Every structure is written in C-alpha cells, then in structure tokens.
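Work through the exercises below with the structure open beside the text. Each task is followed by a solution in steps.

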Amino acid sequence: MIKYLSTRGEAPPLSFTQALLTGLAPDGGLYLPDHYPHFTPETIKGFAGKPYAEVATQVIAPFVGDDLPLPILRDMIEAAYAGFRHPAVTPLSQIDSGTFLLELFHGPTLAFKDVAMQLLGRLMDHVLKERGARATIVGATSGDTGAAAIEAFRGLEQVDVFILYPHGRVSDVQRRQMTTVEDANIHAIALEGTFDDAQAILKGLFQNEALRQRLNLSGVNSINWARVVAQSVYYFTSAVVLGAPHRPVSYTVPTGNFGDILAGWIAKRMGLAIDRLVIATNANDILVRALAEGRYEVKGVQPTQSPSMDIQVSSNFERLLFEAYNRDASSLRRLMAQLGQSRGFTIDSGPLETIRAEFDAISVGEADTTAEITRIWRNAEMLIDPHTAVGMAAAHRHAKQHASTSPMVVLGTAHPAKFPDAMEAATGLRPPLPEHLAEIIKKPEHFTVLPNDQAAIESFLLDHARAARQA
Ligand SMILES: *Cc1c(COP(=O)(O)O)cnc(C)c1O
C-alpha cells in the first residue's frame with residue numbers, strides 16, 4: 001500500500017485520502033508516493049482502444065490503494081469525465097507529420113485543469129461525507145485553476161471554496177467564470193497583488209496550524225497530489241495511440257507551476273515509454289534558466305498573453321528536485337530555506353544532470369507566440385490558444401535543434417475561445433464561446449477585493465467559512 005511522504009521530510013506519512021484532504025504538507029513540503037506503481041508493456045498496450053475512464057481507473061487505483069473501494073472510485077471517475085464535450089475526453093489531433101495536439105480543453109471551463117478538478121471535487125466530497133466533516137478549500141489562481149475548482153465544487157454541502165486571484169490580472173472570461181457563480185459556498189477574492197503574492201499567502205495560511213485546524217483547510221492547487229495523478233492518465237491514453245509501448249513518444253508541455261509536466265514524468269516512472277519532456281514557458285522563464293545555468297532564481301512576474309503561465313515560483317518543481325536529490329529531504333529543506341531568504345538557490349551538478357537527462361526547456365516570447373497562432377491557423381486551419389501556442393512554438397524549435405524520431409505531442413491546455421483578443425490579433429477571427437459559457441457575460445459578478453496581507457485574508461476566511469462556525 002502506497003504511503004505519501006513530504007519532500008521536506010518533517011511531516012508524518014499519510015494515506016491517499018489523507019494526502020488528498022491535506023494538500024500542502026504541514027512542514028511546507030509536497031507529498032509524493034513512497035514508491036511508484038509499475039505497469040508492464042503488455043498492460044500499457046492493453047490501454048489502446050479502451051474508454052478514457054477505464055484507463056483512468058487502472059492508472060489511478062494503485063495510488064488510492066485500500067482507501068476507497070474500486071467500484072466507488074470507478075463510478076467517480078466515470079461521472080467526472082461524462083461531462084466532457086468529446087467522447088474521447090482528451091482527443092489527439094495531427095498538426096504535421098511528426099507533431100500532434102492533445103486537446104485537454106473539452107471540460108466545463110475549457111482548460112486542462114478540469115481533467116483533474118472534476119475528479120478531485122468528487123473525491124473530496126465523498127471522503128468528507130464519509131467522515132461527517134466539513135472542509136475549507138483555499139486556492140490561488142492565475143486564472144484557470146480557480147474557474148475549474150469553482151465549477152467542480154459549487155453547491156457541495158461539505159466544502160466552502162475561497163479562490164484568490166490577482167486583481168486585474170486575469171482575462172475577462174476567466175474572471176467571470178469565477179465571479180458569476182451564485183452558489184453560497186463559493187467566494188472569489190480579488191487580491192491586490194500578483195499570482196505569486198496569492199501563492200505566498202496560500203502557503204502562509206497552510207503553515208498557520210491553528211487556522212488550518214479550525215477551518216479544516218484543504219488545497220486544490222496543483223500541489224495537491226491527487227491532481228498530479230489524474231493528469232498522468234492522458235499521457236498513457238495519447239502515447240498508446242501513437243505506438244507506445246514499442247515506440248517512445250515525446251511531450252511538450254506549456255508550463256507554469258510544473259504540475260502538468262510532472263504528471264508526464266510520473267507516467268514515465270510507471271513504465272510509459274516517454275522520450276523527451278520539453279518544458280515550454282512564456283517570458284516567465286525561471287525553469288529555462290534553471291536548466292541552462294543550474295540557478296533557480298526568482299525574478300519579477302511579466303504579464304503575457306498566456307496568463308496561466310505568468311508565475312515565477314514553480315511549486316511542483318520541488319517534487320522533481322526531491323527525486324533528483326535521491327529523495328534527500330535535508331537537501332530540499334536547505335534549498336527551500338535559501339529560496340525563502342534570498343529568492344534563489346543553486347542546483348548541485350549531480351541532480352542538475354539527472355534533470356537534464358530527461359527534460360529540455362524552451363522559452364517563447366510574445367511575438368513568437370502570436371506568430372505561432374498565425375502559422376498553425378494557416379498550415380493546419382486550427383485555432384490554438386496562446387498557452388498552447390507557447391508549447392507548439394517550443395516543440396517546433398525543439399525539432400530544429402534535436403534530431404529525434406519520436407512523435408511529439410504538444411499539450412493543448414486551453415480552448416481558443418477563452419482568449420478571443422489574442423485569436424483576433426493573430427488570425428482576424430474571434431471564436432465564439434460555447435453556449436453554456438456565453439451567458440456569463442450577462443450575469444452579475446460577486447467578488448471581494450482584499451489587500452495583499454495574510455491577516456486580512458485570515459479574518460475573511462474566519463468570517464465566512466462554515467467550518468469555523470462548527471468549532
Ligand atoms: C495551469 C495552466 C498551465 C500551466 O500548467 P502547470 O501545471 O501549472 O504547469 C498552462 N496552460 C493553461 C491554460 C493553464 O490553465
């Protein structure tokens with residue numbers, strides 16, 4: 001049975017459902033399984049042609065172990081993906097001879113975050129109901145996580161949801177997806193700061209043990225292990241379509257918090273034949289600099305047309321570092337203390353080589369992103385959103401720099417209709433929102449503007465969370 005360990009080594013090991021409800025470990029670390037389940041090439045071959053929910057059940061079940069009965073897990077997975085607007089859930093389409101697009105944006109909020117969040121909401125609600133407990137979910141969002149979390153949790157009896165987003169720094173559609181919800185358990189907070197400020201406050205909230213207990217705090221950011229696992233599934237479903245396990249496949253992933261690409265690395269640990277993992281970033285290129293120079297160093301956030309990647313501290317990278325340091329938690333504590341004190345640290349040469357052996361990293365600027373949207377529209381008659389375009393441009397550059405025979409899959413992380421201005425600038429076309437979203441333009445908005453100050457957020461939570469009243 002898999003247990004979950006903190007990357008900082010100073011929190012007790014947890015079961016799957018405990019890690020699910022805990023989110024960030026109390027020592028500030030992130031949870032990882034004590035070992036990875038392994039699938040044989042025959043098992044992986046058998047995934048070909050199976051419905052998405054069935055592959056998901058097979059991939060996720062070993063991580064859950066005895067914590068949930070398999071039929072219940074299977075039902076939740078089926079319900080989570082029944083609402084997607086494509087029967088394949090995450091279909092694959094061909095862009096050119098060696099390049100494919102994995103469309104992850106057919107869920108209710110049109111971003112890949114739905115894939116994990118639709119399952120996470122069901123898992124949490126089930127586990128809390130069983131325990132007769134209420135939880136307070138707080139999340140920080142650069143746009144898409146908040147909408148996906150709100151959509152997955154709205155109206156649930158056991159949970160209140162508080163989403164912090166950077167005031168004025170998310171797109172109109174993203175904001176309206178969060179603020180036009182009428183359910184009383186949903187609270188959108190416009191923070192007077194950046195996404196990194198929101199993420200820092202979130203970490204602070206989780207480290208306030210008294211608050212954490214009183215509100216039964218839980219997290220849905222990509223630091224939540226269950227999200228990473230749910231995202232590993234589509235690496236399996238896409239790779240078998242392209243000939244895995246015989247033929248290895250490479251992936252390029254538009255990256256911010258490193259959750260999505262980490263899920264690919266985890267799939268590889270489980271036995272999937274993955275060749276290169278290419279980290280694609282916009283101008284916020286901390287990971288590109290870290291791989292090139294060995295120096296992970298925080299700089300100011302630059303706003304771009306791919307706002308869900310406008311972040312500097314890439315939280316899930318800590319999980320990869322932990323593995324690259326052979327799971328030495330004391331090294332992680334040292335690096336993270338340096339990050340807290342001096343906004344940076346140097347990756348030692350051994351771990352750096354370990355990371356470079358599997359990952360490449362490419363940064364794509366604003367003009368190249370727009371040019372890529374235009375190019376794909378001209379060549380493939382396909383509209384891709386700015387996040388996906390960063391990935392597509394990086395994959396294109398990667399193909400020129402490296403002779404590789406493995407097919408390249410670019411993860412399509414958002415629907416183009418979410419970014420109509422960028423689409424119009426690059427192609428002259430304004431894709432309409434799907435019908436179920438078009439109505440949010442007319443609905444009244446509900447949100448609270450709060451200062452970039454942890455104490456102000458804490459008192460707001462205490463005033464509004466139902467878990468606080470029970471105590
Ligand atoms: C969240 C998000 C990303 C970045 O994913 P990470 O897991 O944070 O690296 C990329 N594109 C879109 C559209 C997103 O919403």
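**Exercise 1: contacts of the ligand**

A polar side-chain atom of Thr413 is 2.8 Å from a nitrogen atom of the ligand. The model is predicted: local features need pLDDT of at least 70, side-chain atom pairs count only at pLDDT 80 or more, and totals for chains, interfaces and linings use all residues. Residues are numbered from 1 along each chain as its sequence is written, and side-chain values use heavy atoms, with hydrogens and water left out.

**Exercise 2: surroundings of the ligand**

Task: describe the shell and the site of the ligand.

Solution. Step one: 15 residues surround the ligand (a heavy atom within 4 Å), and the closest are Lys113, Asp144, Gly256, Asn257 and Thr413. Step two: sorted by class, the shell holds 5 nonpolar, 7 polar and 3 charged residues, with Gly counted as polar.

**Exercise 3: two backbone features**

Which peptide bond is cis, with omega near 5°?

Solution. Step one: the cis bond runs from Ala244 to Pro245. Step two: Pro245 is in the loop between α10 (225-241) and β9 (249-254); helices (H or I, at least four residues) and strands (E, at least two) are DSSP runs, numbered from the N terminus.

Where is Asn326 placed?

Solution. Step one: look in the loop between α13 (317-324) and α14 (329-342). Step two: check phi of Asn326, which is near 50°, a positive value in a residue other than glycine.

Notes
Polar contact = N/O pair within 3.5 Å; in protein donor to acceptor, adjacent residues only side chain to side chain. 1 Å grid on protein atoms, 1.4 Å probe; cavity = no way out; pocket = protein on both sides within 12 Å on 5 of 7 lines; lining within 4 Å. Sits in = over half its atoms within 2 Å of the grid points.
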